[in-house]
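Dear colleague,

Please find below the structure that I am handing over to you. My notes on what was found in it follow directly after it.

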Amino acid sequence: MNVVVDLSLRLAGRKPDLGADLLIAAAAIGLATAGRLVVDIFAPGVAPFAFVFPFIILASLVAGARAGMIAATACLILIWYFVIPPARSFEISATQAIGLFVAAFSLFLAVAVISAFRSTALRLREEERRHVEFLSLALREVDHRTRNNFQIAASLLISRAMSHADPDVQDELRAAAGRLQSLASVYSNLALSSADLTTVLLHDHLRDVCDRIREAMLPPGITLSLDAEPMQVAAKTAVAIALIVNEAITNATKHTFPGGLGDIALWVRREGDGLVVTIEDNGVGRADAPSEKGHGSGASLMQLLARSLHATLEISAGSTIDQGTRCELRVPAQPD
């Protein structure tokens, strides 16, 4: 049935085409004739209209009223000539004529009803399609305005940071701007990677976050690399992970490279049904950092975001290099 409806929808958008209607009507006539021949093998002349109704209805549903009327008319003529006694003759008694008239009336009524139903269904489907397009357009506009508002707020914070004399206040304002930009970037990846606007391609989103950090706050002597497996996660999961990554990289940039030189690496990999995010640097390490102002608040925010994902966040000394800090976030499979 779904195939029939789909074909009906495809044909509904076409221009009126007598050739297509004749082809579908011919198919219905052929199927009805084949059924009639099979019946005549076992019981000649019995139930003359047995296979006419279903195939006429099918033709009307697939192609519309014209195909149904053509098929119905042709089938009635064939039944009159070949099936109604005397066979192979257009002679007909009054009783048989009444029966043929009733059958014709029933067939044409069925074609009219099916065609009206088909037209109504197609009109409702078209209205639904237009409504969905309107909602999609409205959603894109809201999404665009939301991203712009985030970007405007971030730009204002950065502008304020540049004009403020206190370096600590500048750092906090830039960190706040970075968080807003991380939130803004998820909207773009949400629209690009999810048909239902609920999931995000995490590796693409984190790539955008890293690019933004490189452009906005990373000194020339510090490198930032990303190695992430392709994976799709819920939007709220992507937001929390991106904010944690933003905080970890920001803290590493501010506190662990007093000489202005170093490397930060970000890895994302699957672990069972969950995932592991690792941020590691080769700086002086947490204990040896010259200044921890603001660092505690960033770590607290990271722990808060990790708890929102029912994840564990461990901050320790670097393990793959001789020095530095390692942040490892283990995110379990998230409920739907």
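Rings of Phe, Tyr and Trp (its six-membered ring) pair if their centres lie within 6.5 Å; planes under 30 degrees apart count as stacked, over 60 as edge-to-face and the rest as tilted. By this rule, the count is three aromatic pairs.

The model is predicted, so local features need pLDDT of at least 70 and side-chain atom pairs count only at pLDDT 80 or more, whereas totals for chains, interfaces and linings use all residues. Residues are numbered from 1 along each chain as its sequence is written, and side-chain values use heavy atoms, with hydrogens and water left out.

One of the pairs joins Y81 and F82: it is edge-to-face, with 4.8 Å centre to centre and 85 degrees between the planes. Y81 also pairs with F90; here the centres are 4.9 Å apart and the planes stand at 45 degrees, so this pair is tilted. Through ring pairs, W80, Y81, F82 and F90 are linked into a cluster.

As to accessibility (buried under 20% relative accessible area, exposed over 50%, partly exposed in between; 1.4 Å probe, protein chains only), Y81 counts as partly exposed because its relative accessibility is 26%. F82, at 40%, is partly exposed, and F90, at 46%, is likewise partly exposed.

For the chain as a whole, 38% of the 336 residues count as buried. The chain has nine helices and seven strands, which are DSSP runs (helices H or I, at least four residues; strands E, at least two) numbered from the N terminus.

Yours sincerely
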